[in-house]
Amino acid sequence: MEALKDMGIYHLSMGNIVMWMVAFVLFYLAIKKEIEPLLLVPIGFGIFIANFPLTGLLEEHGLFEMFYQYGIATELIPPLIFLGLGAMTDFGPVLANPKTLLLGAAAQIGVYGAFFAALLLGFSLTEAASIGIIGGADGPTSIFLSNILAPHLMGAVAVAAYSYMALVPIIIPPVARALTTKEERRIVMTPARMVSKEEKIVFPVLGCIVIILLVPKSAPLISMFMLGNLFMESGVVERLTDVSRNALMNIITILLGLGVGSRMTADTFLRLDTIGVFILGIVAFIIACAGGVLIAKLMNVFSKNKINPLIGAAGVSAVPMAARVVHIMGARENPQNYLLMHAMGPNVAGVIGTAVCAGALISSLT
Amino acid sequence: MTDWTAAGIVALTGVALVFSVLGILGIAVTITGIIFEKINQTRKAKVQDTAGNL
C-alpha cells in the first residue's frame with residue numbers, strides 16, 4: 001500500500017484529468033487545425049505534464065518551475081520574443097503612411113473596453129488590466145503584463161490571447177462588415193510611397209526616443225523590438241538578425257510555452273475566473289476591431305485621401321494574419337483592391353500600440 | 001469594491017497616452033520622411049549635374 005502511495009496514479013485527481021483534456025484540445029487545435037502550433041504544442045505539453053502528480057517539476061528547482069521563474073517571472077522571455085519579432089518586421093508600410101499609427105492606437109480601445117467589462121464582473125483593477133490586454137492580440141505582451149499585474153491569471157490570459165489571435169479570420173469579418181458600407185469597403189487606396197533604406201534604419205532609434213521617453217515602462221518590449229528591427233534594417237549584422245528571428249526565437253518559444261503551460265494546473269485553471277477571462281477576451285477583440293474601423297471612418301471625414309476603413313480592423317496586432325484577412329475582405333468587394341500593404345501599417349502599429357498600452361497600465365497600477 | 005474613479009483615470013490616461021505617443025511618433029516619422037526625401041532629391045540632382053558635366 002505504501003508503494004502505491006508513491007505512484008502518481010494514486011494521487012491523480014479528476015481535475016488533473018480535465019486539464020489533460022484541455023491539453024489534448026490544444027494539441028488538436030495545433031496539430032490538426034494548425035492553429036498557432038509553435039505555441040500551442042509546447043503550452044499544451046506543459047499543461048499535460050504539469051498535471052501529473054508527484055513529479056516535482058513545479059517545486060522549487062523543478063525543471064518547469066525554473067523555466068517559469070527564470071524565463072517568465074523575471075520578465076526575460078517576452079522582451080526576447082520582441083527582439084525576434086523586430087527582426088522580422090518591416091516598418092515600411094507605417095513609414096509610407098504614418099496616419100496608420102493612429103489606427104494601431106485606436107485598436108487599443110478594446111483593451112480598455114474589456115478592462116471595464118472585467119471590472120463589472122468583479123475582477124480587481126490589476127486583473128482587469130491583464131484580461132483587457134488580450135484585446136491587443138499580442139501574446140508576449142499579454143504574458144508580460146499579466147505576469148506583473150496578475151500572475152495567477154497568466155496561463156488563462158496567454159491561452160486566450162493565442163487562441164483568439166488564431167480566430168482573427170473568424171472575428172474580424174463580421175465586425176468590420178457590420179460597421180462599414182459596401183462603398184466604404186470598395187475604396188481603393190492610392191499606392192504608398194517608396195520608403196528609403198535610411199528611413200528604415202533611423203526608425204528604430206526614433207521610435208525608442210519617442211516611445212520610451214513618454215512611456216518608460218514600455219522599454220523592455222519596445223527596446224528589444226527596435227533592436228531586432230535595427231539588426232535587420234542595418235544589413236550589417238546578418239548573423240545577429242538570423243539568430244534573433246530563428247534560433248533564439250525558437251528556443252525561447254519552447255521555454256515560454258512550457259513555462260506558461262506549467263502554470264495551468266487544475267487548482268489554478270479550473271475556476272470561474274478562467275471562463276471570465278475567455279469571455280472577456282473575445283469582448284476585447286471585438287471592441288478592438290470595431291475601434292480601428294470606427295477611427296478609420298472618422299479619419300475619412302477629415303482626410304482628402306480616403307482610407308479603406310477595413311484596414312482599421314488590422315490594428316489588432318496578430319501580424320500578419322489580421323492584415324491578410326482585411327486584404328481578402330477588400331479584394332472580395334472590389335477585385336482591383338490591393339489592401340495588404342496598407343493594412344500592414346495599422347497591423348504593425350498595433351504591436352507598438354499594445355506595448356505602449358502595457359507600459360501605461362504598468363505605470364498606473366504598480 | 002471596485003474603485004471606479006481609479007479605473008476611469010487608468011483608462012483615460014491610458015487611451016490618451018497611446019494616442020499621443022503614436023500620434024507624436026507619426027509626426028516624427030512624417031518629418032523624417034520629408035527630410036530624407038529632400039536629401040534624396042538633392043542627391044539625385046547632383047548626380048544628374050555630374051552626368052551633364054561629363
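Which residues do ring pairs link into a cluster? I found W20(A), F24(A), F27(A), F45(A), F48(A) and F52(A). I am working on a predicted model, where local features need pLDDT of at least 70, side-chain atom pairs count only at pLDDT 80 or more, and totals for chains, interfaces and linings use all residues. Residues are numbered from 1 along each chain as its sequence is written, chains are lettered from A and ligands numbered from 1 in the order in which they are written, and side-chain values use heavy atoms, leaving out hydrogens and water.

**Aromatic pairs.** I counted rings of Phe, Tyr and Trp (its six-membered ring) as paired if their centres lie within 6.5 Å; planes under 30 degrees apart are stacked, over 60 edge-to-face, the rest tilted. The search gave 17 aromatic pairs over all chains. I looked up F27(A) with F48(A): edge-to-face, 6.5 Å centre to centre, 75° between the planes. F27(A) lies in helix α3 and F48(A) in helix α4 of chain A, so the pair ties together parts 21 residues apart in sequence. Helices here are DSSP runs (H or I, at least four residues), numbered from the N terminus. Both F27(A) and F48(A) are buried, where buried means under 20% relative accessible area, exposed over 50%, and partly exposed in between (1.4 Å probe, protein chains only).

**Helix α9.** I checked residues 109-120 of chain A: 12 residues, 17 Å from first C-alpha to last, close to the 16 Å expected. The expected span is 1.5 Å times one less than the number of residues. Buried residues in α9(A) include V111(A), Y112(A) and F115(A). G122(A) follows α9(A) with a positive phi, near 100°.

**Salt bridges.** I took a side-chain nitrogen of Lys or Arg within 4 Å of a carboxyl oxygen of Asp or Glu. D90(A) bridges to K200(A), the closest N and O atoms being 3.2 Å apart. That pair links distant parts of the chain, 110 residues apart: D90(A) in the loop between α6 and α7, K200(A) in helix α15. D90(A) is partly exposed at 33%, while K200(A) counts as buried at 19%.

I then looked up E333(A) with K182(A), at 3.0 Å between the closest N and O atoms. R185(A) joins these two residues in a network of salt bridges.

Which chains does the E198(A) pair join? E198(A) lies in helix α15 of chain A and R43(B) in helix α1 of chain B, so the pair joins two chains. I noted 3.3 Å, N to O.
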